Amino acid sequence: MKKFSNVLLAAGAALALMVGSAMAQAPKPPSAAALGYAKDILTSKNVSMIYQGAVPGLVQRTKDVLLQSNLNYQKDLNEVAVQVAKDLAGREKEIGEEMARIYATAFTEQELKELAAFYKSPLGVKVIAQEPVAFNTARQYMDQWAQKFGEEINGKFRAEMKKRGKEI
């Protein structure tokens with residue numbers, strides 16, 4: 001019996017350590033000011049463009065899936081889709097709220113304040129405008145590079161296979 005109670009005590013101590021460790025690792029909720037700065041940053045970056053069509057898009061996708069197995073209800077499903085989209089309009093703002101919370105947790109309040117000011121500065125405005133252009137140009141370059149490099153790799157494969165007497 002003593003052995004069993006020692007095991008229970010050890011298990012309890014281990015559990016207490018795990019819970020304490022998990023609680024110590026949980027980030028504290030961001031301040032209202034940090035959330036405000038995070039929202040300013042996201043607004044400056046026009047992040048809402050990413051998710052503004054989320055509700056109608058998901059309603060449409062759901063309707064399309066339901067139509068696949070219920071073609072005879074097309075008229076009803078079309079009408080219901082309009083109503084569901086209307087009922088759920090604005091829920092995409094939940095995404096923005098969570099994104100702000102994530103930002104406010106990832107950066108200190110002071111960092112967020114500085115970032116918010118930066119994105120309102122002339123250079124910050126330029127970064128917001130030019131970054132997508134730069135990324136797109138870089139992606140195009142990487143696509144071209146990968147195509148060309150892939151051809152080089154293919155050539156090496158073919159050459160090595162030819163040395164082995166195998167044409168591919």
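Which residues make up the largest nonpolar core? Hold that for a moment while I cover the ground rules.

This is a predicted model, so local features need pLDDT of at least 70 and side-chain atom pairs count only at pLDDT 80 or more, while totals for chains, interfaces and linings use all residues. Numbering runs from 1 along each chain as its sequence is written, and side-chain values use heavy atoms, with hydrogens and water left out.

Now the core. The largest nonpolar core has eleven residues: Ala34, Ala38, Ile41, Leu42, Val47, Tyr51, Ala100, Ala104, Leu112, Ala116 and Tyr119. By nonpolar core I mean buried Ala, Val, Leu, Ile, Met, Phe, Trp, Tyr and Cys residues joined through side-chain atoms within 4.5 Å. Buried is under 20% relative accessible area, exposed is over 50%, and partly exposed is in between, with a 1.4 Å probe and protein chains only. Helix 2 (32–44), helix 6 (93–106) and helix 7 (109–120) each give two or more residues to this core. Helix 2 brings the largest share, four residues. Helices here are DSSP runs of H or I, at least four residues, and strands are runs of E, at least two, numbered from the N terminus.

Take Ala38. Beyond four places in sequence, Ala38 touches Ala100, Tyr103, Ala104 and Leu112. Contact means heavy atoms within 4.5 Å.

Next, a helix pair. Helix 4 (residues 54–69) packs on helix 5 (residues 74–88) at about 155°, axes 10 Å apart. So helix 4 is roughly antiparallel to helix 5. Axes are lines fitted to C-alpha atoms, for helices over the stretch in contact, and angles run from 0 to 180 degrees between N-to-C directions. Under 35 degrees is roughly parallel, over 145 roughly antiparallel, 65 to 115 roughly perpendicular, and the rest oblique.

Who makes that contact? Helix 4 uses Val55, Val59, Lys63, Leu66 and Leu67, and helix 5 uses Gln74, Leu77, Asn78, Ala81, Val84, Ala85 and Leu88.

Zoom in on Leu67, in helix 4. Is Leu67 buried or exposed? Buried, because its relative accessibility is 11%. Leaving out neighbours within four places in sequence, Leu67 is in contact with Gln74 and Leu77. Leu67 and Asn78 sit eleven residues apart in sequence and 9.2 Å apart in space, C-alpha to C-alpha.

Last pair. Helix 7 and helix 8 (residues 122–163) have axes that come within 4 Å and cross at roughly 80°. These two helices are therefore roughly perpendicular. Phe118, Tyr119 and Lys120 in helix 7 meet Pro122, Leu123, Gly124, Val125, Val127 and Ile128 in helix 8.
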